[in-house]
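Please read this report alongside the model. It covers confidence, the chain contact, helix packing and backbone geometry.

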Amino acid sequence: MAALARAEDFIAAGLASLGIEADEIELAVMAAAHALFWPEILDLLALEIGEVSPERGLDLSKAPAG
Amino acid sequence: MSALDLPLRKQAAALAAGEIGVAELLDASLARIEERNPALNAVVETFPERSREMLDAAPAGPLRGVPVVVKDEWPLPWRAQRFGAAEMLTPAEPAESGPYRALRDAGATIVGVGNMHEAGASSTGNASVYGAAHNPWNPERCPGGSSSGPAAAVAAGIVAGAVGADGIGSIRFPAAYCGLTGLKPTFARSAMDGHHMAAVTSMIVSGPLCRDAADTRLLGSVLFGTALAAGDCAGLRIGVLRDEVSEDVAPAVRETCEAAIAALREETGGEVSEVTLDDLPASALSAVLIANTEGMSGIAPRRLNRLSPELSPINRGFAKYRMLLPAAAAVKAERVRALMRRRLAALFEQVDVLAWPTVPAVAPPLEVPLVELPSGTLTADQANVRGAGLANLTGIPAISVPVGLSEDSMPIGLQLQAAWGRDELLLDAAEALERANGRRWVEQRAPLAVAGQTEA
C-alpha cells in the first residue's frame with residue numbers, strides 16, 4: 001500500500017508540475033506503467049558501471065572508436 | 001500455383017522475362033487482398049489508381065512490377081502515415097519517404113499500407129486505430145508488432161515482401177510470430193528519411209520482411225541502396241548466452257532454437273561457444289528509456305492535454321507517463337549503451353554471430369497476450385523486449401529466421417546478431433540455416449496462405 005501511495009504521489013506531482021491533466025483511466029495506466037518500470041529504473045540508476053561515459057561523436061553505424 | 005506465391009526474386013525474374021504481366025500481377029495482388037484480408041486486417045488501405053501509376057512509371061529496376069506492402073509508419077506522396085493511431089503527437093504529411101523512393105526507383109509497386117500496433121508501442125499487434133491485425137497461422141493469435149500488417153500480408157501470400165520499421169524489435173517480433181525472415185539493419189544503413197522521427201531517433205531503422213533470406217537480401221538491397229552481396233560463412237563462430245534471462249525461454253522454443261544453432265554449426269563447419277554479456281536486462285531497459293524519451297523530445301507537456309479521445313487509454317496514459325521518466329535514467333541509459341557497445345565490439349572479436357530465440361515464446365492470444373516462461377507468466381512485451389533491445393541500443397544488425405513450429409503449429413524464430421555493417425553475414429548465415437533444414441521452414445505456409453488460391 002505504501003508503494004502504491006508513493007506511486008500515486010509521484011505521478012500526481014509529476015503531472016501537476018508539468019501542467020498535464022489525466023483522467024482516471026489514464027492515471028490507472030500510468031500507475032501500471034510505473035509499477036512495471038520504476039523498480040527497473042531504480043536498479044538502472046544503482047547499476048555500478050564505473051567510469052563509462054556516453055560516447056563522444058556517437059556513430060551507431062560503426063563499432064565504438066578506440 | 002499463382003505467381004503471387006512465387007518468391008519475391010522469382011516474381012521479379014518472371015516479370016522481367018515477360019512470363020507474367022505486370023498489370024496481371026498487381027490485379028492478382030489486389031484480388032488476394034480482397035480475398036484474404038478480411039480475416040487478417042493486415043492491409044489497411046489500398047489505392048489501385050496510385051499503384052497503377054507507379055506501375056506505369058516503373059523503371060526497369062530489380063523489382064519492376066513486384067507488388068509490396070509498406071507499414072503505416074512511412075509517408076507516401078499521396079498519403080501521410082497514421083502510425084496505427086487516431087492521432088500522432090507530431091504532424092504528418094504526405095511525402096516521399098526514403099523507403100518509398102527506394103521502392104519506386106527499383107520499379108516496385110506499392111499495393112497497400114500495412115497495419116501496425118498503435119504508435120509502434122507493442123510487440124503484439126493487437127491494438128491499432130484500424131483494429132488488430134491477425135496472424136495467418138492462427139487468426140486468434142498475435143501477428144507481432146509493431147510491423148503487424150506487413151508481416152501478416154507476407155505470411156498470407158498477399159505479397160512476397162514488405163517494408164517495416166524496427167525501433168525495439170518491431171520487424172523481428174512479427175517475423176518470428178509469422179514464420180518469416182526479417183532483417184533489422186545496422187543503424188543508418190537503410191532508407192530512413194521522411195520518417196517522422198528521423199531527426200531524433202537513434203533506434204529506428206527500415207527493413208525488409210520476406211519469406212526467406214534470398215528475398216530479404218533482394219528487398220534489403222533496395223532499401224540499403226546497395227547490393228547486399230552473398231558471401232561464404234564457412235567456419236561461422238556462433239556465440240550463445242547461458243545467463244538467467246537467456247535461459248528463461250519456453251521449453252519448445254529453447255529446444256528448437258538449440259537444434260537450429262547446432263544445425264547451423266554443422267552446415268557451416270563452424271563452432272558454438274558460450275559467451276557472457278553482463279547487464280543484458282539493463283540494456284533492454286536502456287533501449288526502452290532512450291526510445292521513449294527520444295519520442296517525447298519534441299513534445300510540449302501541455303500538448304498532452306489535447307490528445308484525441310480516439311487514442312486508446314493505454315496510449316494516452318503511457319504518453320503522459322513518458323513525460324515523467326527521469327532524465328538521470330535516460331543519461332544512465334546512454335552510459336549503458338556505451339558500455340554495451342564496447343562489450344559487443346570485444347565479443348565480436350571472439351564470435352561472428354550471437355544467437356538466441358527472437359522471442360521466448362510463440363505468438364500469444366490476441367485477447368490476452370501473456371506468455372508462460374519458466375520464471376512465470378509475463379506480458380509478451382515484457383518477455384520480448386529482453387532479447388530485442390540490444391540491437392537497437394547498440395546499432396548492430398539482427399535477423400529473425402524461421403526455424404520450426406510449436407506443437408500448436410505456431411512459428412518459432414531464431415535471432416542472429418552480428419557486428420556493425422555485417423548485415424550481409426546475417427543473410428549468409430540465414431541462408432546456411434535454410435540449407436541445413438532443407439528449406440523446410442521457409443517453404444512452410446500458414447493455413448490462411450493456402451486457403452483459396454488467387455490466380456495470376
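pLDDT is the predictor's confidence in each residue, from 0 to 100. For chain B its mean is 96, and 99% of the residues reach 70 or more. This is a predicted model, in which local features need pLDDT of at least 70 and side-chain atom pairs count only at pLDDT 80 or more, while totals for chains, interfaces and linings use all residues. Residues are numbered from 1 along each chain as its sequence is written, and chains are lettered from A and ligands numbered from 1 in the order in which they are written.

The model scores ipTM 0.94 and pTM 0.97. Helices (H or I, at least four residues) and strands (E, at least two) are DSSP runs, numbered from the N terminus. Within chain B, helix α15 (residues 447–450) has the lowest confidence, a mean of 89. Strand β5(B) has the highest, at 99.

**Chain contact**

Two residues are in contact if their C-beta atoms, placed from the backbone, lie within 7 Å. Chain A gives 29 residues to the contact and chain B gives 36 residues. On the side of chain A that touches chain B, α1 (2–18) and α2 (24–46) of chain A each supply at least two residues. The largest share of that side, ten residues, is from α2(A). By type, the side of chain A that touches chain B has 19 nonpolar, five polar and five charged residues. Here Ala, Val, Leu, Ile, Met, Phe, Trp, Tyr, Cys and Pro count as nonpolar, Asp, Glu, Lys and Arg as charged, and the others, Gly among them, as polar.

**Helix packing in chain B**

How do α9(B) and α12(B) pack? Helix α9 (residues 280–296) of chain B meets helix α12 (residues 380–394) of chain B at an angle of about 65 degrees, and their axes are 8 Å apart. Axes are lines fitted to C-alpha atoms, for helices over the stretch in contact, and angles run from 0 to 180 degrees between N-to-C directions. The two helices are therefore roughly perpendicular to each other (65 to 115 degrees; under 35 is roughly parallel, over 145 roughly antiparallel, the rest oblique). In α9(B), the residues that meet α12(B) include L280(B), P281(B) and I290(B). Among their partners in α12(B) are V385(B), R386(B) and L393(B). The residues of this contact divide into nine nonpolar, four polar and one charged.

**Buried helices**

A residue is buried if 20 or more other C-beta atoms lie within 10 Å of its own, exposed if 12 or fewer, and partly exposed in between; C-beta atoms are placed from the backbone. Eight of the eight residues of α5(B) are buried, so this helix is largely enclosed by the rest of the structure. In helix α10 (residues 313–322) of chain B, seven of the ten residues are buried, so α10(B) is also largely enclosed. Those buried in α10(B) include N315(B), R316(B) and Y321(B).

**Backbone geometry**

Most residues other than glycine have a negative phi, and most peptide bonds are trans. The table gives two exceptions in phi.

| Residue | Phi | Other C-beta atoms within 10 Å |
|---|---|---|
| A188(B) | near 75 degrees | 14, partly exposed |
| D279(B) | about 65 degrees | 17, partly exposed |

A188(B) lies in the loop between β5 (181–184) and β6 (205–210) of chain B. D279(B) sits in the loop between β8 (271–275) and α9 of chain B. The peptide bond from G145(B) to S146(B) is cis, with omega near 5 degrees. S146(B) belongs to the loop between β3 (109–114) and α5 (148–155) of chain B. Just after α5(B), G157(B) has a positive phi of about 80 degrees.
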